[in-house]
Amino acid sequence: MQQVTVFVPASIANLGCGFDIMGMAIESAGDIVRMEMSEGDGIEIINKTDFDIPCSVEDNVMTPSIKAMLQDRGVKAHIRVTLMGKIMPGSGIGSSAASASAAVFALNHLLGKPYDSKRLVEFAMEGEALSSGGAKHADNVAPALLGGIVLICSYHPFEYITIPFPKDFCAVVAHPHITVKTSESRAVLPEKIPLHDAIQQWANVGGLVSGFMKGDMGLVARSMRDVIVEPYRKRFIPGFDQLGERLMAEGGETFNISGSGPSVFALCKDASVGARLEVIMVEHFQQFGIKVDTFLSKGDNLGARVIF
Ligand code: HSE
């Protein structure tokens with residue numbers, strides 16, 4: 001029997017204008033997963049966290065990724081996965097992506113590392129699709145596996161670039177305890193968009209990527225605006241516009257939905273501003289009677305790693 005334990009960071013997908021093509025890893029949260037591989041067949045999933053996670057093999061996001069990799073490799077083995085630490089499911093910071101990514105990262109390690117990072121992202125997307133109503137997107141799994149900020153340049157063929165998260169930027173994340181399913185928040189999106197919105201959005205993506213590459217927070221802040229998806233999704237988050245205005249007035253540089261929500265995030269230049277923004281986020285959701293968790297984080301530039 002062989003075994004490995006891995007850590008995979010949480011991630012913020014979309015980054016405003018980059019719906020389904022951009023994401024970044026954050027260092028304050030993540031999944032810890034142990035995988036054991038032995039002779040035999042079948043997958044077993046054990047949950048040692050406090051969260052209620054589907055452990056039936058059919059329903060868990062790790063299963064399609066594990067099966068796809070074993071099948072591609074032509075390997076028959078018994079795989080036991082134990083979830084030791086978990087990002088809160090449904091929080092909007094890449095919980096399902098972290099699990100799927102941990103599964104492929106650990107299995108690749110146990111198989112002797114036959115796959116490169118790009119193939120690992122593709123295998124992880126198989127699992128992530130289970131939680132988003134079948135849509136395959138890499139904007140959580142790619143940063144979770146690779147670390148830093150990831151831009152997906154193309155899905156067919158699959159291609160991406162990574163950019164290190166600038167070391168002096170901080171992210172402040174608030175997770176209001178409301179339920180917003182990714183499949184539901186995708187279902188409200190329009191199939192067609194006006195050309196003037198598309199022009200604004202692709203200009204923003206260009207500015208955002210340049211801003212991150214140059215470490216220019218002003219350019220990041222001006223560009224991290226989503227004129228296409230956010231107008232449809234903000235209805236799921238009580239007082240979204242008011243919260244954004246308050247955060248900007250108190251030193252926040254950007255304010256957006258994290259992935260498909262319900263978490264929201266702001267970027268700022270230093271931790272003291274970040275601490276102030278956390279207080280505002282807590283006050284905001286509490287006035288609606290909504291429990292909220294917040295955290296202040298640097299970007300995680302390492303991605304998935306073996307911890308023992
Ligand atoms: N890009 C995805 C979305 C991220 O916004 O629906 C959520 O998994």
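Start by selecting tyrosine 115 in this predicted model: its relative accessibility is 11%, so the residue counts as buried, the cut-off being under 20%.

Next, show two arginines. Arginine 73 lies over the face of tyrosine 115, 5.8 Å from the ring centre, while arginine 119 places its charged end over the ring of phenylalanine 123, at 4.4 Å from the centre.

From here, colour helix α3, residues 117–131. Its 15 residues reach 22 Å from first C-alpha to last, close to the 21 Å expected at 1.5 Å a residue. Where is the kink in α3 centred? Go to methionine 125, where the bend is about 25 degrees. Among the buried residues of α3 are Leu120, Phe123, Met125 and Glu128. The buried residues of this helix pack against α1, α2, α4, β5 and β6.

Move on to tyrosine 155 and phenylalanine 158. Tyrosine 155 is partly exposed at 23% relative accessibility, whereas phenylalanine 158 is buried at 4%.

Finish in the largest nonpolar core, which has 71 residues; Leu15, Ile66, Phe212 and Leu267 touch the most other members. Helix α2 (residues 95–110) supplies the largest share, ten residues. Apart from this core lies another of 19 residues, including Cys170, Leu247, Val264 and Phe285.

Notes: Residues are numbered from 1 along each chain as its sequence is written. This is a predicted model: local features need pLDDT of at least 70, side-chain atom pairs count only at pLDDT 80 or more; totals for chains, interfaces and linings use all residues. Side-chain values use heavy atoms; hydrogens and water are left out. A nonpolar core is a set of buried Ala, Val, Leu, Ile, Met, Phe, Trp, Tyr and Cys residues joined through side-chain atoms within 4.5 Å. Buried means under 20% relative accessible area, exposed over 50%, partly exposed in between (1.4 Å probe, protein chains only). Helices (H or I, at least four residues) and strands (E, at least two) are DSSP runs, numbered from the N terminus. The expected span of a helix is 1.5 Å times one less than its number of residues. The bend at a residue is the angle between axes fitted to the seven residues ending there and the seven starting there. Contact means heavy atoms within 4.5 Å. A charge sits over a ring if NZ of Lys or CZ of Arg is within 6 Å of the ring centre and within 35 degrees of the ring normal.
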